[in-house]
Amino acid sequence: MGLQFSPTSPTGKWLGFVTAVWVQAISGNNYTFSNYSGALKTLMALTQLQLNNLSVAKDVGKAFGILAGLASDRLPTPVILLIGSVEGVVGYGVQWLVVSRRIQPLPYWAMCIFLCMGGNSTTWMNTAILVTCIRNFRKNRGPVSGILKGYVGLSTAIFTDLCSALFADDPSKFLLMLALIPLVVCMSAIVFLREIPPSSSAAAEDEDDKFFGVVNVLAVIIAIYLLAFDLTGTHGRLFSQVFAVILLVLLASPLAIPIYIWAKNLIRSNSNTADVEREISKPLLIPSKVEAEAMVEKKRPVLGGEHTIFEALSTVDFWILFVSFLCGVGTGLAVMNNLGQMGLALGYSDVSIFVSLTSIWGFFGRILSGSVSEYFIKRAGTPRPIWNAASQILMAVGYITMAMALPGSLYVGSIVVGICYGVRLAVTVPTASELFGLKYYGLIYNILILNLPLGSFLFSGLLAGLLYDAQATETADGGNTCVGGHCYRMVFVVMAIACIIGFGLDVWLSVRTKSIYSKIYATRKSKKSFHGLS
C-alpha cells in the first residue's frame with residue numbers, strides 16, 4: 001500500500017499532477033493588476049504612464065524567470081516552489097500594506113521593486129510545475145500544457161470572484177489573498193509533486209489520455225460555473241458564500257482520479273500481484289525516434305532533438321517563435337493591464353466583468369488549443385504552430401473591433417483577446433519542447449517568457465501609456481483622465497498590425513517544422529501499430 005502512494009506510482013504521479021493544477025489555479029495573479037491598479041493610482045497620485053510602468057515592473061519580474069530556469073536543472077521541484085511562494089508573500093504583502101493604508105505609500109521606485117517580486121514569484125511556480133509535468137507526461141504535452149495554462153487563465157477569475165463573493169471587491173483584501181493563498185496551496189505540491197519516469201506502456205498512455213479528458217471536463221465545468229456567477233449580476237452575501245464553497249469543492253474534484261487509481265490498484269494487487277511485478281520490470285525511459293536521432297548526431301542537434309540553450313538560440317526557428325510570441329502575448333498583456341482604464345474610458349463604472357471575461361475565455365483558448373493541437377498531430381501530423389497563426393488573425397480582428405468603440409465592443413474584444421492569448425500560451429509551451437527538447441526546457445521556456453516583460457514594456461508601458469496620456473486631460477490631484485473611444489483607438493490599430501506580422505511568422509514556422517511533426521506522427525503511428533500487433 002505504501003508503494004501505491006509513492007511519487008513514482010501511478011497514484012503518486014496523478015496526485016502530484018492534481019496539486020500542480022491547484023498551484024496553476026492560484027498562480028495567475030500577474031493578470032489581476034486591473035483589480036487594484038485604480039487604488040494604487042489614487043493613493044500615489046499617478047499619471048496613466050506612471051501606472052502603466054508599475055504594471056511593466058510587475059511583468060519585468062518575469063525577466064528574472066531565467067533564474068528559475070537555471071535552478072530547474074539544479075534544484076528539486078519542492079525547493080523551487082518554496083522560493084516562489086515565499087517571494088510572493090513579500091511582493092504582494094507589501095502592496096497589501098500600502099493599499100490597506102497600514103503604511104504610507106512607498107517611493108515609486110520601491111513599489112516597482114515589490115511589484116517586480118510579485119511578478120517573479122510566479123515564474124518559480126510555473127517553471128517547477130510545467131517542467132516537471134511535461135517531463136512526467138511527455139507523450140501528452142499538448143493536453144498537459146492546455147490544462148495547466150488553462151488553470152492559470154482561470155486563476156484571475158477564481159481570485160476575482162472569490163474576492164467579490166467574500167469581500168465585496170475590496171482591493172486590500174484582494175491583495176492579501178494574492179499574498180497568502182499561493183503559499184498555502186504550494187505546500188501541497190511541495191509534498192506530492194516529483195519528477196518521475198513517464199508511462200512506458202501503451203495501456204498506461206491510453207489510461208492517461210482518459211484521465212486528461214476527465215480533467216478537461218472538470219475544468220470546463222469550473223469555467224462555466226465562474227462565467228455564470230459573473231453574468232448573473234450582483235448577489236447577496238449568503239448566495240456568494242455558497243458559491244465560494246461550491247467553487248472550492250469543484251477545485252478539489254480532480255482528486256477523484258488518484259483515489260480511483262489507488263482503489264483500482266488495491267483491488268488488483270489483492271487478486272493478482274504478478275501483473276504488477278511485470279509492469280514494474282519494464283524499462284521506464286524509452287527514447288522516441290526523434291530523441292534517438294539527436295543522440296547520434298551530438299555535434300549539431302537536429303531540430304526536434306535535445307538542444308543546449310546556446311544551440312537553441314543559434315537557430316532561426318527559435319527567433320521566429322520568439323518574435324511571433326511577442327506579437328501575441330505582448331499585445332494581449334497590454335489589454336489586460338489596461339482593462340480598468342479602457343472600461344472607464346468607455347463609461348463603465350465596474351470593470352471587473354472584463355477582467356473575468358478575459359480570464360475565463362482565456363481558459364477556453366488554452367485548454368482547447370492544447371488538446372486540439374495534440375489531436376491533429378496524432379491524426380495527421382499537423383504542425384502545432386499553425387494554431388498560433390490562426391489565433392493571431394482572430395486577435396487582430398478583436399483589436400479592430402475594440403478600436404471601433406461600438407456599444408458592447410469591449411465585451412467582444414475581451415472575449416476574443418482572452419481566447420487568443422490563451423491559445424498563444426498553451427501552444428507555444430509544448431512547441432518549444434518539441435523543437436528543442438526537454439533537457440534544458442526550463443531555461444528555454446523562461447527565455448521565451450521574457451516576451452512578457454518585453455511586450456508589457458513595448459505595448460503597455462510605451463504604446464498604451466504614451467498614446468493615452470496624449471489624449472488625456474490633467475486632473476486637480478496631478479493625475480490625468482480620458483473619456484471616449486478615441487483614448488485607445490490608435491493603440492488598438494498598432495496592436496492589430498503587430499498581430500498580422502505575428503501571423504506571417506507563425507505560418508513561416510509551420511512550413512519550416514512540417515517535417516518534424518510528420519516524424520512525430522509517423523513515430524507514434526508505428527509504435528501504436530506495434531503494440532496493436534503484440
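Me: Is Ser240 buried or exposed?
Reply: Buried. This is a predicted model, and in it Ser240 has a relative accessibility of 5%. The cut-off for buried is under 20%, so Ser240 counts as buried.

Me: Where does Ser240 lie?
Reply: In helix H10, which covers residues 237–252.

Me: And which residues does Ser240 touch?
Reply: Ala165, Phe229 and His235. That leaves out residues up to four places away in sequence.

Me: OK, new residue. Where does Ile103 lie?
Reply: Ile103 is in a loop. The loop runs between helix H5 (77–99) and helix H6 (108–136).

Me: How accessible is Ile103?
Reply: Its relative accessible area is 31%.

Me: Which residues is Ile103 in contact with?
Reply: Leu97 and Val98, once neighbours within four places in sequence are set aside.

Me: You mentioned H6. At what angle do H4 and H6 cross?
Reply: Roughly 35 degrees. Helix H4 spans residues 65–72, and the two axes come within 8 Å. The crossing of H4 and H6 is right-handed.

Me: Which residues meet there?
Reply: On the H4 side, Gly65, Leu67, Ala68, Gly69, Ala71 and Ser72. On the H6 side, Asn120, Thr123, Trp124, Thr127 and Arg135. By class, the contact of H4 with H6 has four nonpolar residues, six polar and one charged.

Me: Why give both an angle and a distance?
Reply: Because two packed helices are described by the angle between their axes and by the distance between the axes.

Me: Now H17 and H18. How do they pack?
Reply: At an angle of about 160 degrees, with axes 8 Å apart. H17 is residues 385–404 and H18 is residues 409–436. Angles over 145 degrees count as roughly antiparallel, so H17 and H18 are roughly antiparallel to each other.

Me: Left-handed or right-handed crossing for H17 and H18?
Reply: Left-handed. The contact of H17 with H18 has 14 nonpolar residues, 10 polar and one charged.

Me: Zooming out, how many helices and strands are in the protein chain?
Reply: There are 22 helices and two strands.

Me: What share of the residues is buried?
Reply: 56% of the 534 residues in the protein chain.

Me: Last one: what about contacts between residues at least 6 apart in sequence?
Reply: Among those contacts, 83% join residues at least 24 apart.

Key: Residues numbered from 1 in each chain as written. Predicted model: local features only at pLDDT ≥ 70, side-chain atom pairs only at ≥ 80, totals over all residues. Heavy atoms only, no water. Axes fitted to C-alpha atoms, helices over the stretch in contact; angles between N-to-C directions. Helix = DSSP H or I, 4+ residues; strand = E, 2+ residues; numbered from the N terminus. Parallel < 35°, antiparallel > 145°, perpendicular 65-115°, else oblique. Left-handed = near helix turned anticlockwise from the far one by under 90°. Nonpolar A, V, L, I, M, F, W, Y, C, P; charged D, E, K, R; others polar. Buried < 20%, exposed > 50% of the residue type's maximum accessible area, 1.4 Å probe, protein only. Contact = heavy atoms within 4.5 Å.
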